[in-house]
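Here is a short briefing on one protein model.

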Amino acid sequence: MKNLLLIAALFFLSFSYASEGDWGKTGHRATGEVAEGYLSKKAKQEINDLLNGQSLAFISTYADDIKSDPRYRKYGPWHYVNLEPGETEYTKEKANPAGDLVQGIKTSIAVLKDPKASKEEKAFYLKMLVHFMGDLHQPMHTGRGED
C-alpha cells in the first residue's frame, strides 16, 4: 500500500511539474547532457568549435526559444510527427507537407554533413537537431493527430 501511495504521489508531482513548462526544458537538457557522454573526443571538439563552447544541454532548448519569432515559424511543424490511425510506421508519402519531426531531423543531419554549409548554418541545425531528438522522446510529440 505504501508503494502504491508513493507511486501515486510521484505521478501527480511530476504531472504538476510538467504543467509549469519546466519539464520540457529539463527533458531537453537531460537529452543534451546524455548525448555529450556518447561523443568521441573529435566530435566534442567539432561541436565545441561550432557552438563556441556552449554545451549540448545549454543549446537544447533553442528551437523552443525561437518558436515565437515570426522568422522561425516555418519550423513549428518540425517539433512533432503524427501517424494516422492504423499506421505503424512513418512513410515519406504520408509526411506533413509543412514538414515534421522526422523531416526536421533528416534536414538537420544533411546540413551538418554538407561541406558547403557555413559554420552558422551548421550551428543552427545542430541546435535544432539536439532539440528534435529530445522532442522525439517527449510525450505528445510523436503520436496521433487526434491526441
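In this predicted model, helix H6 (residues 101–113) and helix H7 (residues 119–136) have axes that come within 9 Å. The two axes cross at roughly 145°. The crossing of H6 past H7 is left-handed.

**The H6–H7 contact**
- Two packed helices are described by the angle between their axes and the distance between the axes.
- On the H6 side, the contact is made by Leu101, Gly104, Ile105, Thr107, Ser108, Ile109, Val111 and Leu112.
- Their partners in H7 are Glu121, Lys122, Tyr125, Leu126, Met128, Leu129, Phe132, Met133, Asp135 and Leu136.
- By class, the contact of H6 with H7 has 12 nonpolar, three polar and three charged residues.

**Helix H6 itself**
- H6 has 13 residues, and at 1.5 Å a residue they should span 18 Å.
- The C-alpha atoms at the ends of H6 are 18 Å apart, so expectation and model agree.
- Leu101, Val102, Gly104, Ile105, Ser108 and Val111 are the buried residues of H6.
- These buried residues pack against H7, strand S1 (81–83) and strand S2 (142–144).
- Asp100 sits at the start of H6, where one of its side-chain oxygens reaches to within 3.1 Å of the backbone nitrogen of Val102.

**Two loop residues**
- Asn52 lies in the loop between helix H3 (41–50) and helix H4 (56–59).
- Its phi is positive, at about 50°, although Asn52 is not a glycine.
- Is Asn52 buried or exposed? Asn52 counts as exposed because its relative accessibility is 63%, and the cut-off for exposed is over 50%.
- Thr61 is in the loop between H4 and helix H5 (62–65).
- Thr61 has a relative accessible area of 5%, so it is buried; the cut-off is under 20%.
- Which residues does Thr61 touch, not counting those up to four places away in sequence? They are Lys25, His28, Arg29 and His131.

**Overall fold**
- The protein has seven helices and two strands.
- From the N terminus on, the order of elements is α-α-α-α-α-β-α-α-β.
- Of the 147 residues in the protein, 30% are buried.
- Take the contacts between residues at least 6 apart in sequence: 60% of them join residues at least 24 apart.

Methods. Residues are numbered from 1 along each chain as its sequence is written. This is a predicted model: local features need pLDDT of at least 70, side-chain atom pairs count only at pLDDT 80 or more; totals for chains, interfaces and linings use all residues. Side-chain values use heavy atoms; hydrogens and water are left out. Axes are lines fitted to C-alpha atoms, for helices over the stretch in contact, and angles run from 0 to 180 degrees between N-to-C directions. Helices (H or I, at least four residues) and strands (E, at least two) are DSSP runs, numbered from the N terminus. A crossing is left-handed if the near helix is turned anticlockwise from the far one by less than a right angle, and right-handed if clockwise. Contact means heavy atoms within 4.5 Å. Ala, Val, Leu, Ile, Met, Phe, Trp, Tyr, Cys and Pro count as nonpolar, Asp, Glu, Lys and Arg as charged, and the others, Gly among them, as polar. The expected span of a helix is 1.5 Å times one less than its number of residues. Buried means under 20% relative accessible area, exposed over 50%, partly exposed in between (1.4 Å probe, protein chains only). A polar contact is a pair of N or O atoms within 3.5 Å; within protein, one must be able to donate a hydrogen and the other to accept it, and residues adjacent in sequence count only if both atoms are side-chain atoms.
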